[in-house]
Amino acid sequence: MKILILCTGNSCRSQMAEAFLHSFDNRLTVCSAGTEPAEKVNEKAIQVMCEAGIDISRNIPKSVSRYLSETWDYMITVCADADRNCLFHHALYSKKIRNTILTFNFMEKNIKSVVKDTYTVIARQSKEQNETSCCGVGGCCSTVDYAVFSENYRQLKGYHEDADLGLGCGIPTQFASINEGDSVLDLGSGAGNDCFVARALVGETGRVVGIDFTDAMLEKARKNNTKLGFQNVEFVKGDIEDMPLEDNQFDVVISNCVLNLVPDKRKAFAEIKRVLKPGGHFCVSDVVVKGNLPEKLKNDAEMYAGCVSGAIEM
Ligand SMILES: C[S@@+](CC[C@H](N)C(=O)[O-])C[C@H]1O[C@@H](n2cnc3c(N)ncnc32)[C@H](O)[C@@H]1O
């Protein structure tokens, strides 16, 4: 069996993966390659692999271009966005891969846990604490103010102070054309801030569902809802990329400062389309980026959780 391990960058991680696979089964033909191979193998990688009892000191970093003409049984990518952003990935996948492609998106997994951890801490703090960056989620070392984009909701019908953690960026319900009786879904509902405003618009005959994947946020939102006594507002646990909701259910989907936190935006938009009724619509308030963010910022997990580095590019 022939396996290619592809790195979007220099081939350090793929070399480590190659060496591990060889050590499991030396009958496998495994090659590793990067899109921008370094001149020599990273010293730290050599050291780490040495601790695992594997010597990669004599390996030579290779460019993926040398493997483009070959046919592979499997390709394993070790970078988060290879399937979307790596041209070599597309070229290889379209012509040369016989079997399933295995994509290990370590970074996406990590990003989601950073987001969950961050919003767990935020859910347990007051709006005032979140607004004061020194006492905010990152503590005094944090450079991110998580409430920097927030709007004043106080004048809105349905506003509930305990649900307002100052985490939004805009007020989507103002532009979402929500009518009485509508059924509305709020993506990344947090403590329920936009859901309760939407409830005031849909009234008794409508329905509002908030979805969020952070338990502490759901707990807070449900507690707020119990206090308010709404029978037609519900908070569901789930990931926006794969929602545990049936097709064609909602007239309107809204979201406030959340899609920038979702790694796979295509999946998110496909899910929005799936759950909307035919003729339904969505209204998203979010952070977008014009131009390119510096690489260092793009890869900063704290800036990602602070709604900056995952912003949709215009
Ligand atoms: C910046 S806060 C905004 C909360 C709320 N919309 C508001 O304005 O108060 C982002 C929220 O989205 C949730 N979230 C982020 N990524 C998510 C995902 N992939 N699936 C579900 N919820 C997600 C977080 O748990 C958090 O509660």
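The structure is a predicted model, in which local features need pLDDT of at least 70 and side-chain atom pairs count only at pLDDT 80 or more, while totals for chains, interfaces and linings use all residues. Residues are numbered from 1 along each chain as its sequence is written.

## Overall make-up

The protein chain contains 11 helices and 11 strands, where helices (H or I, at least four residues) and strands (E, at least two) are DSSP runs, numbered from the N terminus. Of its 314 residues, 41% are buried; a residue is called buried if 20 or more other C-beta atoms lie within 10 Å of its own, exposed if 12 or fewer, and partly exposed in between, with C-beta atoms placed from the backbone. Two residues are in contact if their C-beta atoms, placed from the backbone, lie within 7 Å. Among contacts between residues at least 6 apart in sequence, 70% join residues at least 24 apart.

## Around the ligand

The shell around the ligand holds 24 residues, of which Gly168, Gly188, Gly190, Phe213 and Thr214 come nearest; a residue is near a molecule if its C-beta atom, placed from the backbone, lies within 6 Å of it. Two or more residues of this shell are given by each of α5 (106–123), α7 (193–202) and β6 (207–212). Sorted by class, the shell has 13 nonpolar, 7 polar and 4 charged residues, where Ala, Val, Leu, Ile, Met, Phe, Trp, Tyr, Cys and Pro count as nonpolar, Asp, Glu, Lys and Arg as charged, and the others, Gly among them, as polar.

## The nonpolar cores

A nonpolar core is a set of buried Ala, Val, Leu, Ile, Met, Phe, Trp, Tyr and Cys residues joined through C-beta atoms within 7 Å. The largest such core has 42 residues, and those with the most contacts inside it are Ile178, Val184, Leu185, Ala198, Val208, Val252 and Val253. At least two residues of this core come from each of α5, β5 (183–187), α7, β6, α8 (215–228), β7 (233–237), β8 (250–256) and α9 (265–275), and the largest share, 6 residues, is that of α7. When neighbours within four places in sequence are left aside, Val253 is in contact with Leu185, Leu187, Ile272, Val275, Leu276 and Phe282. A second, separate core has 19 residues, including Val30, Ala33, Ala45 and Val64.

Helix α1 (residues 12–24) has 13 residues and reaches 19 Å from its first C-alpha to its last, which is close to the 18 Å expected at 1.5 Å a residue; the expected span is 1.5 Å times one less than the number of residues. Its buried residues are Cys12, Arg13, Ser14, Gln15, Met16, Ala17 and Glu18, and what covers them includes β1 (2–7), β2 (29–34), α2 (43–51) and β3 (74–77).

In helix α9, the buried residues are Ala268, Glu271, Ile272 and Val275. These residues lie on the same side of α9 because they cover an arc of only 105° around the axis, the arc being that of the directions from the helix axis to the C-beta atoms. They pack against β5, β8 and β9 (276–285), whereas the face turned away from this buried side carries the exposed residues Arg266, Ala270 and Lys273.

## Single residues in loops

Asn248, in the loop between β7 and β8, has a positive phi of about 50° although it is not a glycine. Asn248 counts as exposed because it has 10 C-beta neighbours inside 10 Å. Cys257, in the loop between β8 and α9, is another residue other than glycine with a positive phi, near 65°. Cys257 has 23 C-beta neighbours inside 10 Å and therefore counts as buried.

The table lists pairs of residues with their separation in sequence and the distance between their C-alpha atoms.

| Pair | Apart in sequence | C-alpha to C-alpha |
|---|---|---|
| Arg124 and Leu165 | 41 residues | 9.8 Å |
| Val287 and Asn260 | 27 residues | 6.6 Å |
| Ile60 and Pro37 | 23 residues | 9.1 Å |

Arg124 has its place in the loop between α5 and α6 (127–131) and, with 13 C-beta neighbours inside 10 Å, counts as partly exposed. Val287 lies in the loop between β9 and β10 (288–289) and is partly exposed, with 18 other C-beta atoms within 10 Å. Ile60, in the loop between α2 and β3, is exposed, with 10 other C-beta atoms within 10 Å.
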